[in-house]
Every structure is written in structure tokens, then in C-alpha cells.
Amino acid sequence: MILVMGGAGYIGSHTVKHLLDNGYKVIVADNLIYGHREAVDERAKFVCADLLDKDSLDNLFKNNQIAAVVHFAAFAYVGESVENPEKYYYNNVIGTLNLLHAMLTYGVKKIVFSSTCATYGEPQYTPIDEQHPQNPINPYGRTKLVIEQIFADYEKAYGLKYIALRYFNAAGCSADGKIGESHNPETHLIPLVLKAIKGERKDIKIFGTDYDTPDGTCIRDYIHVEDLALAHRLAIEKLNSYCGYINLGTGIGTSVKEIIIAAEKVSGKKCLIEYVERRAGDPARLFANNTKAKEILGWQPQYTDIKDIIQTAWNWELNKRY
Ligand code: UFG
């Protein structure tokens with residue numbers, strides 16, 4: 001059985017569905033602070049558990065035959081991490097240490113972990129490969145980097161087998177419309193653009209138009225959440241023969257303005273725009289070199305056209321279940 005910590009969240013819930021569709025037995029643990037109970041596939045076993053509650057973690061491992069862990073459970077608001085770093089270090093780092101303690105106590109040595117391109121910080125070159133220096137510029141990114149370093153130490157000392165997946169910008173929703181992206185508060189570009197198009201918000205604010213990019217707006221690498229889910233399954237299957245970190249992105253950069261144009265095409269409606277100042281800490285361009293994911297995992301993103309990614313998000317936005 002695979003334990004998915006944080007399996008009621010956005011990327012977690014899509015991974016749970018993908019694992020179940022591919023014949024895995026799954027147990028989901030989530031404290032439901034940000035996760036949605038409705039997002040958890042009914043074929044999975046569900047336990048409400050918090051990483052900071054050592055007893056509930058102990059019970060999870062004592063009562064279930066867990067072969068490997070996929071660990072999504074973390075706070076992930078960059079801005080909040082700057083204002084309240086304690087919340088982030090405590091939950092993300094101490095929480096992961098508690099999880100590793102329970103794993104090692106019960107002899108579970110395999111983990112796939114949600115890391116982020118935020119561990120690289122301001123890019124020195126693009127596309128960003130895994131050799132790029134890691135100098136995160138906010139506490140959120142630093143929590144993820146510290147955890148990667150803990151894994152490396154635990155590998156040497158205790159034989160932990162880990163793969164840390166460094167995501168670029170997760171986007172889109174399940175193609176069947178059953179689960180999708182639902183953050184509160186929502187801060188991500190694509191859902192905000194779609195809400196503006198729908199009339200749920202007045203407009204979309206573009207954070208800066210004077211970046212050194214062709215249209216002056218920031219460029220990101222938007223990767224479909226089902227392609228992320230697939231990579232997690234492949235990573236689980238690779239844990240016996242590979243240990244380390246892997247970028248997950250499409251390798252394609254898309255600007256903020258291009259996202260808005262694509263969303264207008266998909267929905268057939270106009271999006272009202274307000275141009276505002278740059279947001280602090282936003283690099284001009286971030287996109288991945290994904291050669292390692294292709295070589296090590298045999299992974300290939302299925303979604304390479306941003307319109308197809310946005311179409312799945314638009315379908316969800318029109319028929320959200322939670
Ligand atoms: N943006 C706007 N207006 C908005 C929201 C976003 O112009 O209302 C712009 C941002 O400035 C950025 C781009 O849209 O250039 C994407 O912004 P998101 O907030 O959607 O995503 P980020 O690239 O900032 O952050 C994502 C994840 C973080 C992670 C980071 C790096 O959400 O958790 O990638 O990995 F830390």
C-alpha cells in the first residue's frame with residue numbers, strides 16, 4: 001500500500017487518482033487544513049492525520065502495511081512564508097522529520113517528495129537543470145531545500161531511498177472533471193484569470209510589464225497536474241534503482257500575457273486586465289530542463305499546449321465540486 005501524505009490537496013489528490021487507476025492500493029492522510037475531503041478518491045482509504053501529531057503518525061504505520069510514502073503535506077504560500085516563517089519551518093521541516101521518524105521506526109525506507117523549483121531561487125541561467133545552484137529567496141523554498149538535504153543525510157546514515165521532484169508551475173485539472181484546483185486563498189495565475197473571465201473577480205492584475213522578456217511579463221513553465229501525477233508513479237517505481245532529485249516541467253516557457261490570451265481563446269470570453277507593480281521575489285523567467293526526468297523516469301509530459309492545460313482548468317472552473 002502507498003501512503004499519500006497530503007493526498008487531499010491539489011497535486012496529491014490527482015496523484016492518488018492516478019495511482020488507483022494504475023492498480024495501486026492507496027491510503028491518504030491529510031489534516032484537511034487546506035485539503036478537501038471531497039478530493040479524495042472513494043477507492044482510497046482516508047485518515048485525518050497531522051504531521052505534527054506523532055501519535056497519529058505512529059498509528060498510521062502500525063495499522064497499515066505501507067510500502068512507500070508520497071509526501072505532499074506542506075504549507076506552500078510563498079508570501080505567507082516571508083511573513084510567518086515559523087509556521088513554515090515548523091510544519092514543513094519538523095513535520096517531515098516526524099514522518100521520517102515514523103517511517104524508519106516501522107522499516108519503511110521509500111519516499112517520493114514534493115520539492116520545487118523555488119529551491120533554485122533567482123535563476124543564473126535557463127532552462128534550469130538539476131545542477132543549477134540552489135539559493136532559495138524565501139522561507140518556503142528554504143524549507144524544501146532543507147528537507148532535500150535531510151533526505152541526503154538519511155540516505156547515507158539509514159539507507160533511505162528518496163526521489164525529490166522539483167515542480168515548476170503545476171496547472172490544470174483532471175481531464176474527467178472529477179477533481180481540480182481549489183485553493184483558499186487562491187493566488188495562482190491560471191485559476192485567477194479564469195475567475196476573472198467567469199466574472200467571479202473584477203479583473204486579473206498583471207504583476208509587472210517591464211521584465212526582460214519579449215512581452216515584458218514573467219515567463220513560467222506550466223506543467224499539467226496529471227503529468228505530475230504520472231511522474232510520481234514512475235518515481236515510486238524507480239526508488240529501488242535511483243535516489244536523488246529531478247525537475248518536473250515541460251521545458252516550455254509561457255508569459256503571463258500568453259496565459260491570458262490562451263484563456264480567452266479557450267473560454268471564448270475577454271478577460272479584464274489591470275497592470276500593477278511587480279510582485280516581490282518574482283524572477284523574470286523560470287523554465288525547466290527536463291532531460292533527467294525523461295532519462296531516469298522514462299517520463300514524457302502529455303500536455304505540451306498551454307491551451308489544452310487551460311481547457312481542463314476551465315472545465316473544472318465551470319463545474320467545481322469543492
Ligand atoms: N501573476 C500575476 N497576477 C496574479 C498572479 C500571478 O501577474 O494575480 C504572475 C506572477 O507574477 C508570476 C506568474 O503569474 O509571474 C505565475 O504566478 P503564480 O503565483 O501562479 O506562480 P509562481 O510562479 O509565483 O509560484 C509557483 C508556485 C509556488 C512555487 C513557485 C516556484 O505557486 O508554490 O511556483 O516553484 F514556489
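L32 lies in the loop between β2 (26-30) and β3 (45-48). In this predicted model, the phi of L32 is near 60 degrees, a positive value in a residue other than glycine. Most residues other than glycine have a negative phi, and most peptide bonds are trans. L32 has a relative accessibility of 28% and therefore counts as partly exposed.

Two cis peptide bonds were also examined. The bond from T126 to P127 is cis, with omega near -10 degrees, and P127 is placed in the loop between β5 (110-116) and α5 (139-158). The bond from N184 to P185 is likewise cis, with omega near 5 degrees; P185 belongs to the loop between β7 and α6.

The loop between β7 (169-171) and α6 also holds S174. S174 counts as buried because its relative accessibility is 1%, below the 20% limit. Apart from neighbours within four places in sequence, the contacts of S174 are H14, K17, I179 and E226. One of these residues, K17, takes part in a network of salt bridges that also links D21, D41, R43 and D176.

The protein is divided into domain 1 (2-171 + 222-248) and domain 2 (189-220 + 251-288 + 303-318). The contact between them takes 16 residues from domain 1 and 16 residues from domain 2. Taken over C-alpha atoms, the centres of the two domains are separated by 27 Å.

Within the ranges assigned to domain 1, L248 is located in strand β11 (residues 244-248). L248 is buried, at 0% relative accessibility. Leaving aside neighbours within four places in sequence, L248 is in contact with L165, R166, Y167, F168, I223, L228, A231, A293 and W299. Of these, A231 is 17 residues from L248 in sequence, and the two C-alpha atoms are 7.9 Å apart in space.

Helix α6 is mostly covered, with 9 of its 10 residues buried. The buried residues are L189, I190, P191, L192, V193, L194, K195, A196 and I197. The elements that cover them include β7, β8, β10, α8 and α10. Just after α6, G199 takes a positive phi of about 95 degrees. K195, one of the buried residues of α6, has a relative accessible area of 10%. K195 forms a salt bridge with E200, with the closest N and O atoms 3.6 Å apart.

Helix α8 (residues 256-267) has 12 residues, which at 1.5 Å a residue should span 16 Å; the end C-alpha atoms are 17 Å apart, in agreement with that expectation. The buried residues of α8 are V256, I259, I260, A262, A263, E264, V266 and S267. An α-helix has 3.6 residues a turn, so residues three or four places apart point the same way. The cover over the buried residues of α8 includes α6 (189-198), β8 (204-207), β10 (222-224), β12 (254-255), β13 (273-276) and α10 (306-318). After α8 comes G268, with a positive phi near 75 degrees.

In total, the model has 20 salt bridges. K87 is bridged to E80, with the closest N and O atoms 2.9 Å apart. Both partners are partly exposed: K87 has a relative accessible area of 25%, and E80 has a relative accessibility of 23%. In another pair, R279 and D282, the closest N and O atoms are 3.1 Å apart. Here R279 is partly exposed, with a relative accessible area of 41%, whereas D282 is buried, at 17%.

A nonpolar patch on the surface is formed by L52, Y90 and I94, which together have about 260 Å² of accessible area. Y90 is placed in helix α4 (residues 85-105). With a relative accessibility of 46%, Y90 counts as partly exposed, since the exposed class begins over 50%.

Conventions
Residues numbered from 1 in each chain as written. Predicted model: local features only at pLDDT ≥ 70, side-chain atom pairs only at ≥ 80, totals over all residues. Heavy atoms only, no water. Patch = residues over 30% accessible without salt bridge, like charges linked within 9 Å, V, L, I, M, F, W, Y side chains within 5 Å. Areas by Shrake-Rupley, 256 points an atom, 1.4 Å probe, with all protein chains shown as cover. Salt bridge = Lys/Arg side-chain N within 4 Å of Asp/Glu carboxyl O. Helix = DSSP H or I, 4+ residues; strand = E, 2+ residues; numbered from the N terminus. Buried < 20%, exposed > 50% of the residue type's maximum accessible area, 1.4 Å probe, protein only. Expected span 1.5 Å × (residues − 1). Contact = heavy atoms within 4.5 Å. Domains from an automatic or database assignment.
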